[in-house]
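Please consult the sequence and the model while reading.

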Amino acid sequence: MQQHVRRCGGVAFAALRRVRHFPHAADTPPPASWRCPSTPRLYSTADMSQQLPANLVQIMEQRMKLIEQRSAFLQEQINQPAASPEEYSRANKEFHKLESTMELIKDLRSKQKEIEGLKSLVTNSAEEKDMLEMAAEELLEAVEEEKRLQHALFRTLLPKDEADERDCILEVRAGTGGEEASLFAMDIFRMYEKYSQKNGWKFDAIDIMESAVKGYKEASGAISGPGAYGKLKFESGVHRVQRVPVTEKSGRVHTSAVSVAVLPQADEVDVQLRNEDLRIDTYRSGGSGGQSVNTTDSAVRITHVPTGTVVAIQDERSQHQNKAKALKVLRARLYELERHRLHTDRSKLRSEQIGSGDRSERIRTYNFPQGRVTDHRVGVTHHAIEDVMEGESLDVFIDALLLQEEMDAIASFAS
C-alpha cells in the first residue's frame, strides 16, 4: 500500500457541546465508545461510521466545484441551437454520466445548509429546553446523513476501471509440473466454476484440452454476471500448488504451477474485426468425443494477422459454434491488449496497483499438506484449503485485494 489514510473517531457529543457553548464541554471527556482510538485506523469507504479525513473532504470539495462547473457548461452546450449533432451527442453523453454524481452533490449541499440552520438555532435560540433538545437531536441526525452522503459521493469520485462491470473470459493453462500441473489446472478451473455459481453468474466452458491423465492442459470459459471481471481481475497470474500427486508412490510432495488469465469480454463495438485481418483455418478435432470427432473439419483456428494472436477452439461439433467461440475469445484478448497499451501510455500499469498480473508472477500458493492457501500480494493466509477449492472461501483473498485496490485509489486521490 502506497500510503495510509488515517482517521480519528468522531466525538459527536463533545462537538455538539462546543456548538452550544457549554462551559463544561472541555472538562467532560466523551464516552469511551466515542473516543479516538489509540491506534490510528485505515480509512475505508466500506465503514460508513467513519468520518472522512479532513484532507479528503477538502479535495472532494474542489472536485465537486469542478463537476458543478463542468455540468453547467455541458448543459449550455446541449441547449445551444448551433451545436452540431456530434457536439450535441458528445455533450449529452457526458452530461448523463455526471447526473448521478450531480444528484449526490445537490443532496449534500442541501443537507449542509440544513445543518447550518440547525446550528444557528441551537446556538442563538432562546427557545425552551424541549425545543433545544429536539433541535440538537435533529442536528445529530443531519450530521450523520451528511456523513453518509459524503461517503457515497466519495466513492463515485474514486478512479474506476470501466471494465469492472463487464463479463469476462477465464483462461487456465498447466505450467511446470507435468501431469500433476494439468490435474491442478482442472481443479483451479472447477474452483472458478463453483465460485461463479455461488455468485449467481453464468459459467460456460469454451474449450478444454485434456491431458493423458484427464487433467486440463488448457481450459477456457466465459463468465457472465454483474461485476464478474471486477471481482476476478486480480486472479491473473501464476498459482502454485504443493501436494503429493496421485501418481507419486513414495509420498513425496511436488511443486507445480498453473497460469490464470482473466480478460474483460469485449463487444463488437469495442473491437472491430476486419475480414482481411483474419486467417481462419479448419481442421479435424482431436481427443475423445462423439462420432463426429476426427471425421469432419469442425475445429477452428483464427489468427489475427496484425498482432499474431491465435485462438483455436475444438470444443463443439459444429464449425460455426467453434468459430463463434473463437471470435469471442479473440475479441477479449485484443481488447485486453488495447487496454494494456493505454495503461502503458498513461503510466498506469497494473503493477502500480496490486502486482503486475503478469503470468510470470507467482501470486498464490496452495499447500495441501499444511491445509493452507497464501496470497503473496496481500499476505493473507487461509487455513481451510478445501473450502477455497470449493469456491466457498475465495472471497477471503478477493475482498482483501479489492480493499487494497480501494486504499491505493484513496491514496492516489489524496496525493
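In this predicted model, Asn55, Leu56, Ile59, Met60 and Arg63 of helix 2 are in contact (heavy atoms within 4.5 Å) with Ile410, Phe413 and Ala414 of helix 10. The residues of this contact comprise six nonpolar, one polar and one charged. The axes of helix 2 and helix 10 come within 10 Å and cross at roughly 70°; the two helices are therefore roughly perpendicular (65 to 115 degrees) to each other.

Local features need pLDDT of at least 70 and side-chain atom pairs count only at pLDDT 80 or more, whereas totals for chains, interfaces and linings use all residues of this predicted model. Residues are numbered from 1 along each chain as its sequence is written, and side-chain values use heavy atoms, with hydrogens and water left out.

An open antiparallel sheet has the strand order 8-9-10. Strand 8 and strand 10 stand at the edges with a single partner strand each, so one side of each has no neighbour in the sheet. Strand 8 and strand 9 pair (at least two bridges found by DSSP) over six bridges. Tyr283 stands opposite Ala299 in strand 9.

| Element | Residues |
|---|---|
| Strand 8 | 278-283 |
| Strand 9 | 299-304 |
| Strand 10 | 309-313 |

Asp207 lies in strand 4 and is buried (under 20% relative accessible area), with a value of 10%. The contacts of Asp207 beyond four places in sequence include Ala219, Ala312 and Gln314. The backbone nitrogen of Gln314 is 3.3 Å from a polar side-chain atom of Asp207.

Key. Helices (H or I, at least four residues) and strands (E, at least two) are DSSP runs, numbered from the N terminus. Axes are lines fitted to C-alpha atoms, for helices over the stretch in contact, and angles run from 0 to 180 degrees between N-to-C directions. Angles under 35 degrees count as roughly parallel, over 145 as roughly antiparallel, 65 to 115 as roughly perpendicular and the rest as oblique. Ala, Val, Leu, Ile, Met, Phe, Trp, Tyr, Cys and Pro count as nonpolar, Asp, Glu, Lys and Arg as charged, and the others, Gly among them, as polar. Buried means under 20% relative accessible area, exposed over 50%, partly exposed in between (1.4 Å probe, protein chains only). A polar contact is a pair of N or O atoms within 3.5 Å; within protein, one must be able to donate a hydrogen and the other to accept it, and residues adjacent in sequence count only if both atoms are side-chain atoms.
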